[in-house]
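I opened this notebook to record what I looked up in the model, entry by entry.

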Amino acid sequence: MSNVIIQTENLCKQFQKKRVLSDLDFQVRAGEVVGLLGSNGSGKTTLLKCILGLLKTTSGSSSVFDQDSWDLDASAKARIGYVSQDFALLPWMTVLGLTEYTGAFYDRWDQEFVNLLINEWKLDQKQRVGTLSAGQRQKLAVIVALGHRPDLLVLDEPVASLDPAARRQFLQSLIEFTENEAHTILFSTHITSDLERIASHVAFLVDGNIRFNSELDSLKNQVKRIRITAAENLPPSLGLPGTLREQIDGNHGLLAVNDFEALNLEFLSREFQATATVEDLNLEEIFLEVSGAPIQPEVEAVS
Ligand SMILES: Nc1ncnc2c1ncn2[C@@H]1O[C@H](COP(=O)(O)OP(=O)(O)OP(=O)(O)O)[C@@H](O)[C@H]1O
């Protein structure tokens with residue numbers, strides 16, 4: 001059996017004349033916790049909805065559990081948990097009532113696990129859903145999505161309304177959820193620190209396409225910032241492979257590269273009599289480099 005859970009090939013999504021996703025290839029394998037990072041309006045929600053068959057792709061293909069996303073059968077749908085950004089919960093029900101009501105739709109609903117999460121996340125079982133705060137409602141929506149212990153959990157900005165303590169607790173529960181059983185999680189976020197805490201893989205959505213989709217650690221080994229000081233003025237471009245950004249100012253250069261391991265630093269000293277300092281980047285800095293957003297480090301070498 002294939003361990004590919006999600007697969008898109010040449011996926012395009014257009015709204016009227018506006019192209020949001022363009023020839024997008026993406027893969028998520030069993031057991032991965034993938035954080036989808038992208039700026040506002042980059043198409044994260046659109047991609048998640050195409051994957052889940054809630055939006056029809058304009059062209060290309062998308063599948064989940066080897067089934068066409070647009071044509072998922074009931075058994076495939078039962079293996080998915082999804083929390084959208086604009087989730088709706090029945091306001092007149094109590095917290096407990098809503099979970100029990102939802103559970104009736106699933107064969108493998110785990111009310112004991114649900115009750116545990118309600119307690120851990122400090123929700124009041126008897127409170128009416130309509131009177132919950134935005135953060136409490138978000139917690140409940142996630143609990144409802146977890147109750148049938150889905151093989152694939154898709155969360156669109158799951159922590160947007162949660163305060164830092166609640167975010168930490170939520171992420172801890174999510175980690176436990178994935179550690180105990182082989183679950184696959186795809187979640188979109190713009191909070192890179194959360195992503196660093198729980199994701200095994202990171203995918204950047206930039207200009208309608210997935211720019212990187214790799215393990216978090218290997219991403220950090222690949223993408224580096226390099227400060228160069230040469231004996232004489234440097235040319236406008238050093239022509240290094242995998243350059244994401246290049247700023248040259250006289251004999252100083254500041255580069256970001258996406259394949260540091262393949263880079264031959266000796267070439268720099270030979271060609272330009274240059275010395276190079278290599279800097280590690282955190283995930284936020286990597287995203288800014290990959291997405292081509294303006295960033296501010298000085299070109300001058302640090303002493
Ligand atoms: N139904 C729609 N009709 C027309 N345009 C749409 C529709 N849905 C989304 N869009 C547009 O597609 C683009 C991507 O939107 P999407 O909601 O997928 O982005 P996002 O990355 O999830 O953004 P955010 O981080 O702000 O939630 C936006 O420019 C949005 O205006």
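**Entry 1: Ligand shell**

Helix 1 gives the most, with three residues. Helices (H or I, at least four residues) and strands (E, at least two) are DSSP runs, numbered from the N terminus. I then listed the surrounding residues: Phe15, Lys18, Val20, Gly38, Asn40, Gly41, Ser42, Gly43, Lys44, Thr45 and Thr46. A residue counts as near the molecule if its C-beta atom, placed from the backbone, lies within 6 Å of it.

I note the conventions here. Residues are numbered from 1 along each chain as its sequence is written. This is a predicted model, in which local features need pLDDT of at least 70 and side-chain atom pairs count only at pLDDT 80 or more, while totals for chains, interfaces and linings use all residues.

**Entry 2: Overall dimensions**

I counted 10 helices and 14 strands in the protein. The C-alpha trace spans about 75 × 40 × 40 Å along its principal axes. Of the 303 residues, 37% are buried; a residue is buried if 20 or more other C-beta atoms lie within 10 Å of its own, exposed if 12 or fewer, and partly exposed in between, with C-beta atoms placed from the backbone. Among contacts with a separation of 6 or more, 68% join residues 24 or more positions apart. A contact requires C-beta atoms, placed from the backbone, within 7 Å.

**Entry 3: Domains**

I looked up the division of the protein and found domain 1 (4–218) and domain 2 (223–291); such bounds come from an automatic or database domain assignment. Their centres, taken over C-alpha atoms, are separated by 37 Å. The contact takes 10 residues from domain 1 and five residues from domain 2. On the domain 1 side, helix 7 (192–198), strand 9 and strand 10 each supply at least two residues.

**Entry 4: The sheet that includes strand 2**

Which strands lie at the edges of this sheet? I first took the order, 2-1-4-5, in an open sheet of four strands with antiparallel pairing. Strand 2 (18–29) and strand 5 (67–68) are the edge strands, each with a single partner, so one side of each has no neighbour in the sheet. Pairing requires that DSSP find at least two bridges between two strands. Strand 1 (residues 4–15) pairs with strand 2 over eight bridges, and Val4 has Arg29 in strand 2 as its bridge partner.

Helix 1 (residues 44–52) lies across strand 1, strand 2 and strand 4 (59–64), at about 120° to strand 1. Axes are lines fitted to C-alpha atoms, for helices over the stretch in contact, and angles run from 0 to 180 degrees between N-to-C directions.

**Entry 5: Strands 9 and 10**

Strand 9 (residues 201–206) and strand 10 (residues 209–215) pair in the antiparallel sense over five bridges. His201 has Glu215 in strand 10 as its bridge partner. The two strands form a hairpin with two residues between them, and Asp207 in the turn has a positive phi of about 50°.

**Entry 6: The sheet that includes strand 12**

I found a second open sheet of four strands, antiparallel, in the order 12-13-11-14. Strand 12 and strand 14 (274–279) stand at its edges with a single partner strand each, so one side of each is left without a neighbour in the sheet. The twist averages 15° from one strand to the next.

Strand 12 (residues 243–249) and strand 13 (residues 252–257) are joined by six bridges, with Gln247 opposite Leu254. In their hairpin, which has two residues between the strands, Gly250 takes a positive phi near 65°. Six bridges also join strand 11 (residues 224–230) to strand 14, where Arg225 stands opposite Glu279. Helix 9 (residues 265–272) lies across strand 11 and strand 14, at about 150° to strand 14.

Leaving aside neighbours within four places in sequence, Val142 is in contact with Val83, Leu155, Pro158 and Phe170.

Key:
Contact = placed C-beta atoms within 7 Å.
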